[in-house]
Amino acid sequence: GAIYSAGVAGTRPRVPTAMRELEAQAMQAMSPEAGGYIAGGAGREDTMHDNLAAFRAWKIVPRVLRNVEHRDTSNTLLGMPLPMPMLTAPIGVLEMAHPDADLAVARAAGRARIPMIFSNQASVPMEACAEALGDTPRLFQLYWSRSDDLVRSFVERAERCGCRGIVLTLDTSMLGWRPRDLDLANLPFLRGMGIAQYTSDPVFRRELDLPLAGAAGNAPTTRLTWQALTVLRDLLRRTPGPLAEKLRTDWPRKAVRRFVATYSRPSLQWSDLARLRTMTSLPILLKGILHPLDARLAVEHGVDAIIVSNHGGRQIDGEIASLDALPAIAAEVRGQCPLLLDSGIRGGADVFKALALGASAVLLGRPYAYGLALAGEEGVAEVLRNVHAEFDLTMGLAGCTGVAGITAACVTRSS
Ligand code: FNR
């Protein structure tokens with residue numbers, strides 16, 4: 001209603017409401033590297049496309065004459081109030097899409113009160129985003145580093161930022177085979193992008209300056225020497241001259257090298273989860289579960305929620321579409337913990353279908369990044385608003401007045 005009224009008054013939306021058009025315009029607005037990184041998937045991108053096809057294969061079967069005048073799209077997840085069952089997915093390196101990056105997303109999400117999941121590969125440190133969010137809930141997405149000290153530091157920072165959960169992403173122990181990035185030789189991290197959570201982290205900075213800090217570790221004298229040297233280095237870096245120049249360019253290069261050496265731990269296994277549990281009492285959400293047996297293991301390991309996701313088809317080409325994995329996981333989990341879903345959410349009707357098949361909420365991914373690329377904070381705000389409005393209309397037109405009414409009886413699968 002608000003969009004049509006504004007149109008009558010002569011104001012059109014800033015970003016297209018049609019998702020295909022939104023993506024097309026965003027691709028025009030971005031550099032080939034940014035567009036390829038954000039829109040690209042693994043291999044032939046079959047899974048990326050299957051994610052959308054899976055949503056198309058499920059059809060909504062509406063009920064009529066059910067008094068849908070008053071509707072409520074809200075629900076709660078792990079104690080967080082959600083205006084609609086949606087959070088923003090963690091997306092790294094948003095500085096490629098827009099200079100305001102994660103900050104613009106935090107401001108828009110804060111306005112809509114839609115919880116935001118901070119990416120471990122963000123372009124803006126979580127502390128700044130937490131501030132921009134106001135009192136809207138936030139979570140931190142973790143990639144388990146080789147350094148447990150760094151993991152502990154990230155988790156502690158997340159707690160200080162008021163995060164309501166740790167989202168441990170499990171499908172990216174190595175980056176997938178992504179031809180669009182490979183053809184452009186584009187790995188943004190190697191150019192120092194998307195590593196702000198690291199470079200703003202005290203433990204990372206200390207590890208970075210080893211052996212300057214002294215391999216002796218935390219001995220008080222070593223620590224003092226290191227602190228003195230750090231102050232001296234920072235002073236020198238700000239003084240004009242060739243030495244300052246060298247320091248200014250050296251540190252980022254060292255930071256990238258250190259990041260590459262530490263960001264991931266492919267040896268991670270189920271038994272490691274207990275260590276994360278000892279680091280925090282926050283809810284732990286596992287992201288990237290597709291197999292029902294892994295969902296069962298997750299429940300057995302006492303995790304607080306499961307995020308059914310194939311990372312937007314960016315990791316394994318040919319793997320199962322996220323929505324296709326949901327019913328079997330829901331049957332295995334039988335309500336023992338909430339299920340979330342992402343990969344392929346492109347509008348409110350998709351949110352409806354995911355809920356009908358057993359999800360408690362979804363994560364919105366690429367669409368908000370496209371809104372960001374086109375119009376910064378306003379672009380993200382419009383995309384969030386549009387998905388919410390479409391969800392509200394779909395729910396009502398399908399005969400439901402609230403989220404609890406969205407059940408398996410609302411959908412059918414076409415052959
Ligand atoms: C991602 N995703 C992601 N996931 C994560 O846990 N940490 C991260 O840093 C990132 N980074 C990232 C960058 C880009 C450019 C994309 C597109 C995705 C995955 C993301 O959280 C989510 O799973 C997917 O975006 C879902 O797929 P769709 O719906 O966006 O296609």
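**Ligand site and surroundings**

A: Start with Arg346: one of its polar side-chain atoms sits 2.6 Å from an oxygen atom of the ligand. That's a polar contact, meaning a pair of N or O atoms within 3.5 Å. The model is predicted, so local features need pLDDT of at least 70 and side-chain atom pairs count only at pLDDT 80 or more, while totals for chains, interfaces and linings use all residues. Residues are numbered from 1 along each chain as its sequence is written, and side-chain values use heavy atoms, with hydrogens and water left out.

Q: What do Asp342 and Tyr143 do at the ligand?
A: An N or O atom in the Asp342 side chain is 2.7 Å from a ligand oxygen atom. Tyr143 has a polar side-chain atom 3.0 Å from a nitrogen atom of the ligand.

Q: How many residues surround the ligand?
A: 23, and the closest are Ser119, Thr169, Asp342, Arg346 and Arg366. A residue gets in if one of its heavy atoms lies within 4 Å.

Q: And how does that shell divide up?
A: Seven nonpolar, eleven polar and five charged. Asp, Glu, Lys and Arg count as charged, Ala, Val, Leu, Ile, Met, Phe, Trp, Tyr, Cys and Pro as nonpolar, and the others, Gly among them, as polar.

Q: Which residue has the "active site" annotation?
A: His311, according to an unreviewed UniProt entry. Such annotations may be inferred rather than shown by experiment.

Q: Where is His311, and what is it in contact with?
A: His311 is in the loop between β9 (305-308) and α15 (322-333). Helices (H or I, at least four residues) and strands (E, at least two) are DSSP runs, numbered from the N terminus. Leaving aside neighbours within four places in sequence, His311 has contacts (heavy atoms within 4.5 Å) that include Tyr143, Thr169 and Asp342.

Q: Buried or exposed, that His311?
A: His311 counts as buried because its relative accessibility is 14%. Buried means under 20% relative accessible area, exposed over 50%, and partly exposed in between (1.4 Å probe, protein chains only).

Q: Switching topic: why is α16 called largely enclosed?
A: Because nine of the nine residues of α16 (residues 348-356) are buried. Among them are Asp350, Phe352 and Lys353. After α16 comes Gly358, with a positive phi near 120°.

Terms used:
A polar contact is a pair of N or O atoms within 3.5 Å; within protein, one must be able to donate a hydrogen and the other to accept it, and residues adjacent in sequence count only if both atoms are side-chain atoms.
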